[in-house]
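Here is a chain to get to know, one piece at a time. Have a look at it before reading on.

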Amino acid sequence: MALRFLGTTSDDGDCPTLYEIEGTDQILVQGERETDPTHLARLWDVKESESFVRVPRNLLSRYAPQSDAPELQPFASISSLFRDFRHTAWRLETRRGYASDRTSPKWARFLAGEDIAGEPDNSWRESVRAQTALGKRFERVRVVDQPLSQGQEFLLASAPSNIAAGEDIRHLTRVQTQQLRLPDDDFWLFDSKVLARFAFDDDDTTLGVYVTEDPAEVLSACQARDTAWHHAVRTEEFARRVRSTV
C-alpha cells in the first residue's frame with residue numbers, strides 16, 4: 001500500500017514526519033527511536049514486533065488527521081463544487097501524465113504536431129468563464145519534470161485555451177517540490193475548506209477522489225498551496241524558458 005506524506009516539523013529533511021497508509025485508517029510515524037530504559041520499562045503490553053518513536057507534540061497537532069479516513073468516491077460526485085465554491089478553486093497537478101489526456105481527441109492532433117493552443121470552448125472552459133465572470137478564481141500549479149514528459153508537453157501546449165477562459169496556470173519543477181517538501185498527491189482545494197484528493201492507478205487513470213474537511217488535512221493543503229504558488233512560474237514565462245532550451 002502506498003504511503004502519502006502528511007507533514008513534517010523538520011527543516012532539514014530528517015525526521016519527524018507523518019505519513020498516511022493509503023486505503024487504511026493507519027498513520028505511520030517517523031521519529032527517533034525511544035531507547036531510555038526507564039521509559040521502556042513503563043510501557044504496557046508490548047509485542048515483540050512493536051517499537052516506539054519520539055515526535056514533537058506540534059507535529060501531531062498540525063498534521064494528524066482529526067476525523068475518520070474518507071472513502072473513495074467518483075470524481076463526478078464533486079461536480080457541484082466547481083459551481084458552488086465562493087472564492088477559489090485551486091489545483092495541484094503532480095502526475096507525469098493523465099490517461100484522460102491520452103484518450104482525448106486533442107492527443108492525436110498533438111502527436112501529429114498540430115497547434116492545439118487555440119481550442120474552442122468546451123463545457124469546462126464555458127464553466128470557468130461563467131465562474132470567473134462572477135469574480136471567482138480558478139488556479140493551478142503543475143509540477144513538471146526536466147525534461148518534460150510527453151504528458152506535460154501536451155498540457156503546456158494546450159494551456160493557452162484554458163488561460164484564455166480565465167484560469168491562472170503556473171509551473172513548478174519536481175526538484176523544487178522535493179526541496180520545498182511539498183506533497184506528491186493531486187488535489188483540488190475549494191475555498192480553503194474542502195479538499196478533494198485524487199487516487200490514480202499505475203496507468204494514470206483516475207480511480208476517484210477522497211473528499212474531506214478535516215482541519216489538519218485542509219491546513220496541510222493550504223500550506224502546500226501557499227508555498228507552491230509563491231515559487232511557481234506563470235505559464236507564459238515557463239513556456240519561454242522551455243523554448244529557449246530546445
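What follows is a short tour, from the whole chain down to single residues.

## Ground rules

This is a predicted model, in which local features need pLDDT of at least 70 and side-chain atom pairs count only at pLDDT 80 or more, while totals for chains, interfaces and linings use all residues. Residues are numbered from 1 along each chain as its sequence is written, and side-chain values use heavy atoms, with hydrogens and water left out.

## The whole chain

Let's start with the big picture. The chain has 10 helices and 13 strands; these are DSSP runs numbered from the N terminus, with helices being H or I runs of at least four residues and strands being E runs of at least two. Along its principal axes, the C-alpha trace spans about 70 × 40 × 30 Å.

Of the 246 residues in the chain, 43% are buried. Here buried means under 20% relative accessible area, exposed means over 50%, and partly exposed is in between (1.4 Å probe, protein chains only). Now for contacts, meaning heavy atoms within 4.5 Å: among those between residues at least 6 apart in sequence, 67% join residues at least 24 apart.

Helix H7 covers residues 150–165. Its 16 residues should span 22 Å at 1.5 Å a residue, and the end C-alpha atoms are 24 Å apart, which agrees. The expected span is 1.5 Å times one less than the number of residues. H7 also bends by about 45 degrees at Ala 159, with Pro 160 following within four residues; the bend is the angle between axes fitted to the seven residues ending at a residue and the seven starting there. Ala 159 is one of the buried residues of H7, and others include Phe 154, Leu 155 and Leu 156. Just past the helix, Gly 166 takes a positive phi of about 130 degrees.

Helix H9 (residues 215–231) has 17 residues and reaches 25 Å between its first and last C-alpha atoms, close to the expected 24 Å. Asp 214 caps the N-terminal end of H9, with a side-chain oxygen 2.9 Å from the backbone nitrogen of Ala 216. Ala 216 is itself buried, and Glu 217, Arg 225 and Trp 229 are also among the buried residues of H9.

## Salt bridges

The structure holds 25 salt bridges, each being a side-chain nitrogen of Lys or Arg within 4 Å of a carboxyl oxygen of Asp or Glu. Arg 91 and Glu 93 form one of them, at 3.8 Å from N to O. Arg 91 counts as buried because its relative accessible area is 7%, and Glu 93 is buried too, at 4%.

Arg 109 pairs with Glu 119, their closest N and O atoms being 2.8 Å apart. That pair links distant parts of the chain: Arg 109 is in helix H5 (residues 105–111), and Glu 119 is 10 residues away in the loop between H5 and H6. Arg 241 and Glu 237 make another salt bridge, at 3.1 Å, and both lie in helix H10 (residues 235–245), 4 residues apart, about one turn of the helix. There's a network as well: Arg 4, Glu 20, Glu 22, Asp 185, Arg 197 and Glu 217 are linked by salt bridges.

## A buried lysine

The side chain of Lys 136 reaches the backbone oxygen of Phe 85 at 2.7 Å. It also makes a polar contact with the side chain of Gln 131, at 2.7 Å. A polar contact is a pair of N or O atoms within 3.5 Å; within protein, one must be able to donate a hydrogen and the other to accept it, and residues adjacent in sequence count only if both atoms are side-chain atoms.

## A buried threonine

Thr 17 is in strand E2 (residues 17–21) and counts as buried because its relative accessibility is 0%. Its side chain makes a polar contact with that of Thr 8, at 3.2 Å. Leaving out residues up to four places away in sequence, Thr 17 touches residues including Phe 5, Leu 28, Leu 59 and Arg 181.
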